[in-house]
Amino acid sequence: MRASQESVSLARAMWRGFRMRCPHCGQGTLFGRFLKVADHCPKCAEELFHHCADDFPAYLVIAAVGHVIVPAILAVETAYAPALWLQLLIWLPVTTLAALALLQPTKGAIVGLQWQLGMHGFETSKLRRLVPG
């Protein structure tokens, strides 16, 4: 099978996107800049500009980071009751770095999801993958 004919599972497409790689070939870079998805893959020329991730990756990152950071803050406050300035000194950078670190991979996973399911402008790409030969 050629690379363009290989079937890519939903999990694999999302994992490739999470790794910031093309969901089709897994080799080309997905992003041109921090959150700007490339128009096409430099390796396999798959069109990627169809994505419509909007704010969904940010919502997912906020939920994930919040579910980890808030219990940690509460546990530290309950156990040690440090001064407010110390809490801010620790938790603001940790929260900011965690959110920034997860934002691009999460957007990549959403683009991989949309690509594999043929959402938005990816319908023709999905049809091309489903047609044999």
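In the predicted model, His120 is placed in the loop between helix 3 and helix 4, where helices (H or I, at least four residues) and strands (E, at least two) are DSSP runs numbered from the N terminus. His120 has a positive phi of about 55 degrees although it is not a glycine, and with a relative accessible area of 37% it is partly exposed; buried here means under 20% relative accessible area, exposed over 50%, and partly exposed in between (1.4 Å probe, protein chains only). A positive phi, near 65 degrees, is also found in Ala45, likewise a residue other than glycine. Ala45 belongs to the loop between helix 1 and helix 2 and counts as exposed, at 51% relative accessibility. Most residues other than glycine have a negative phi.

Because the model is predicted, local features need pLDDT of at least 70 and side-chain atom pairs count only at pLDDT 80 or more, whereas totals for chains, interfaces and linings use all residues. Residues are numbered from 1 along each chain as its sequence is written, and side-chain values use heavy atoms, with hydrogens and water left out.

The loop between helix 1 (10-18) and helix 2 (56-80) also holds Asp39, which is partly exposed at 45% relative accessibility. Leaving aside neighbours within four places in sequence, Asp39 is in contact (heavy atoms within 4.5 Å) with Glu46, Glu47, Leu48 and Phe49. The C-alpha atoms of Asp39 and His50 are separated by 8.2 Å, the two residues being 11 apart along the chain. Glu46, one of the contacts of Asp39, is buried, with a relative accessible area of 6%. The structure holds one salt bridge, defined as a side-chain nitrogen of Lys or Arg within 4 Å of a carboxyl oxygen of Asp or Glu. This salt bridge joins Glu46 to Arg128, with the closest N and O atoms 3.7 Å apart.

Thr106 is found in helix 3 and is buried, with a relative accessible area of 12%.

A search of the whole structure finds zero disulfides, a disulfide being a pair of cysteine sulfur atoms within 2.5 Å. The sulfur of Cys22 is 3.7 Å from the closest cysteine sulfur, that of Cys44, which is too far for a bond. Cys44 is in no disulfide either, the nearest cysteine sulfur, in Cys41, being 3.7 Å away. Cys22 counts as buried, at 0% relative accessibility, whereas Cys44 is partly exposed at 27%.

On the surface, Trp85, Leu86, Leu89, Ile90 and Val94 form a nonpolar patch with about 480 Å² of accessible area together. Ile90 is located in helix 3 (residues 84-117) and is partly exposed, with a relative accessible area of 41%. Patches are made of residues with over 30% relative accessible area and no salt bridge, like charges being joined within 9 Å and nonpolar side chains (Val, Leu, Ile, Met, Phe, Trp, Tyr) within 5 Å; accessible areas come from the Shrake-Rupley method with a 1.4 Å probe, and for residues only the protein chains shown count as cover.
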